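Please take a moment to look over the model below before reading on. The paragraphs that follow lead through its charged residues, and then through a few places in its loops.

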Amino acid sequence: MENMILNSQEALEILKALIKLYPQNQPELEFKNNYELLCAVVLSAQTTDKSVNKISPILFERYPRVEDMADADVNEIQEIIKSIGLSKNKSKYLKELSIELLENFNGQVPSTRKELMSLSGVGRKTANVLLANAFDIPAFAVDTHVNRICKKLKFVKEDLNVLQVEEEMMKKIPDKYWKQAHHSILLFGRHQCVAKNHDHSICLLRIKDKLQKNEIAQKAMAKICEGQQI
């Protein structure tokens, strides 16, 4: 099966087709500054961006500054965000990370992965989203959609964990594409090649329609379509 995984040239051809399908290079989350982006990404864990966008304007109107969130009653934060999953934990994270920003970073969102991951509720994926979108630092964030699609389209092997997927994709794709690759792959998984049962041939046809007419692209598509009818 190793030889059925796309090589770097083939992966780039498929990625370019995905970028044509989904050229957006910013999160679907709504935010006005780095602090709001940080909070929104923390809130988006195991829920949809659409759900977060419904409550975030209310949250940031009530607590517009880091200082306001740090001083907030955690129960009042939870009341505002109760419609999204894990609201009890997330309300604690928002208050705690706000306090940590004030105590350790002069109230500013830090710009290194290590510093970001020192904040409550911030894992590697969230840190990578901030690096790429807040600071334009090359990073490739892997969430459930990206993990699934990278394997479905044979960018990487099926048995890799999330960190291994990130590392393999960064080896395979030039860093100038990392941010865009995250968004295009994520949107393809969120809006086209969804996790629930569907006609996968339609997804493949959409990619095929955007492919360059060259030998590398055609070979890449043949690998992806192996054993599938399109």
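**Charges inside and outside the fold**

Lysine 151 lies in helix H9, which covers residues 144-152; helices here are DSSP runs of H or I with at least four residues, while strands are runs of E with at least two, and both are numbered from the N terminus. This is a predicted model, in which local features need pLDDT of at least 70 and side-chain atom pairs count only at pLDDT 80 or more, while totals for chains, interfaces and linings use all residues. Residues are numbered from 1 along each chain as its sequence is written, and side-chain values use heavy atoms, with hydrogens and water left out.

A salt bridge is a side-chain nitrogen of Lys or Arg within 4 Å of a carboxyl oxygen of Asp or Glu. As for charge, Lys and Arg count as positive and Asp and Glu as negative, whereas His and the chain ends are not counted. The side chain of lysine 151 does, however, reach the backbone oxygen of leucine 160 at 2.7 Å.

Other charged residues do find partners, for the structure holds 7 salt bridges. One of them joins glutamate 10 to lysine 223, with the closest N and O atoms 2.8 Å apart. This pair links distant parts of the chain, since glutamate 10 sits in helix H1 and lysine 223 in helix H13 (residues 215-225), 213 residues apart. Glutamate 10 counts as buried because its relative accessibility is 2%, and lysine 223, at 13%, counts as buried too.

Another salt bridge is formed by arginine 190 and aspartate 49, whose closest N and O atoms are 3.1 Å apart. Arginine 190 belongs to helix H11 (residues 178-192) and aspartate 49 to helix H3, so this pair ties together parts that are 141 residues apart in sequence. With 21% relative accessibility, arginine 190 counts as partly exposed, whereas aspartate 49, with 13%, counts as buried. Arg190 and Asp49 also belong to a network of salt bridges that includes Glu28.

Helix H3, which spans residues 49-62, also holds lysine 50. Lysine 50 counts as exposed because its relative accessibility is 63%, and its C-alpha atom is separated by 7.9 Å from that of glutamate 28, a residue 22 positions away along the chain.

A further salt bridge brings together the side chains of lysine 82 and glutamate 79, at 2.7 Å from N to O. Lysine 82 counts as exposed at 53% relative accessibility, while glutamate 79, at 48%, counts as partly exposed.

On the surface, which residues gather in a patch of positive charge? They are Lys16, Lys20, Lys176, Arg206, Lys208, Lys210 and Lys213. A patch is made of residues with over 30% relative accessible area and no salt bridge, where like charges are joined within 9 Å and nonpolar side chains (Val, Leu, Ile, Met, Phe, Trp, Tyr) within 5 Å. Helix H1 (8-21) and helix H12 (200-210) each supply at least two residues of this patch, and H12 gives the most, with 3 residues. Lysine 210 is found in helix H12, and it counts as partly exposed because its relative accessibility is 30%.

The loops deserve a look as well. Valine 142 lies in the loop between helix H8 (124-134) and H9, and it counts as buried because its relative accessibility is 6%. Valine 142 and lysine 125 are 17 residues apart in sequence, and their C-alpha atoms are 5.9 Å apart in space.

Aspartate 136 lies in the loop between H8 and H9 too, and it counts as exposed at 62% relative accessibility. Its phi is near 55°, a positive value in a residue other than glycine. Most residues other than glycine have a negative phi. Glutamine 46, in the loop between helix H2 (34-43) and H3, likewise has a positive phi, near 55°, and it counts as exposed because its relative accessibility is 74%.

Methods: Areas by Shrake-Rupley, 256 points an atom, 1.4 Å probe, with all protein chains shown as cover. Charge placed at Lys NZ, Arg CZ, Asp CG, Glu CD. Buried < 20%, exposed > 50% of the residue type's maximum accessible area, 1.4 Å probe, protein only. Polar contact = N/O pair within 3.5 Å; in protein donor to acceptor, adjacent residues only side chain to side chain.
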